[in-house]
Amino acid sequence: MKVTVCFGRTRVVVPCGNGNIKVHSLIEQAAMRYKKAIAKDPGYWLQVHRLEHGDGGILDLDDTLCDVADDKDRVSHAVVSGLDTPQGAISG
């Protein structure tokens, strides 16, 4: 299973195995890939406010991905803030 996560106009594809990961884990992986895509330092802090399914529904962080999304789905999110701060400060 793979899911495309949209950060505005930038989209990252996240492989999710069989989909038995939590939405929170998807957010962490997508944020890491997004920072690479926009050439930000790993210490760049990114706070994701919510993750929305392509149909507009908000995904719960504790849900298992395969229960709320299908293979090759597109999801989007709203970034509340992004700052250059110490390593490892990612919040989902």
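This short talk walks through one protein model, from its overall layout to a few single residues.

The model is predicted, so to speak of local features a pLDDT of at least 70 is needed, side-chain atom pairs count only at pLDDT 80 or more, and totals for chains, interfaces and linings use all residues. Residues are numbered from 1 along each chain as its sequence is written, and side-chain values use heavy atoms, with hydrogens and water left out.

I start with the layout. The protein has two helices and four strands. Here helices (H or I, at least four residues) and strands (E, at least two) are DSSP runs, numbered from the N terminus. Read from the N terminus, the order is β-β-α-β-α-β.

Next, burial. A residue is buried under 20% relative accessible area, exposed over 50%, and partly exposed in between, with a 1.4 Å probe and protein chains only. The areas come from the Shrake-Rupley method with that 1.4 Å probe, and for residues only the protein chains shown count as cover. The protein has 92 residues, and 35% of them count as buried.

Now strand 3, which covers residues 44-53 and contains His 49. Is His 49 buried or exposed? His 49 is exposed, because its relative accessibility is 51%. His 77 is 28 residues away from His 49 along the chain, yet their C-alpha atoms are separated by 7.2 Å.

Arg 50 is partly exposed because its relative accessible area is 32%. Its side chain forms a salt bridge with that of Glu 52, at 2.4 Å from N to O. A salt bridge here is a side-chain nitrogen of Lys or Arg within 4 Å of a carboxyl oxygen of Asp or Glu. By this rule, the count is one salt bridge.

On to the loop between strand 3 and helix 2 (65-68), where Asp 60 is found. With a relative accessible area of 41%, Asp 60 counts as partly exposed. Which residues form the negative surface patch? They are Asp 60, Asp 62, Asp 63 and Asp 67. Patches take residues with over 30% relative accessible area and no salt bridge, joining like charges within 9 Å and nonpolar side chains (Val, Leu, Ile, Met, Phe, Trp, Tyr) within 5 Å. Asp and Glu count as negative, Lys and Arg as positive, while His and the chain ends are not counted. Each charge is placed at NZ of Lys, CZ of Arg, CG of Asp or CD of Glu.

Ala 69 is buried, because its relative accessibility is 5%. Its C-alpha atom is separated by 8.2 Å from that of Val 3, 66 residues apart along the chain.

Lys 72 is also found in the loop between helix 2 and strand 4. Lys 72 is exposed at 61%, and its phi is positive, near 70°. Ala 39, in the loop between helix 1 (23-37) and strand 3, has a positive phi of about 60° although it is not a glycine. At 68% relative accessibility, Ala 39 is exposed. As background, most residues other than glycine have a negative phi.

Last, the cysteines. How many disulfides does the structure hold? The number is zero, where a disulfide is a pair of cysteine sulfur atoms within 2.5 Å. Cys 16 is buried, at 5% relative accessibility, whereas Cys 66 is partly exposed, at 32%.
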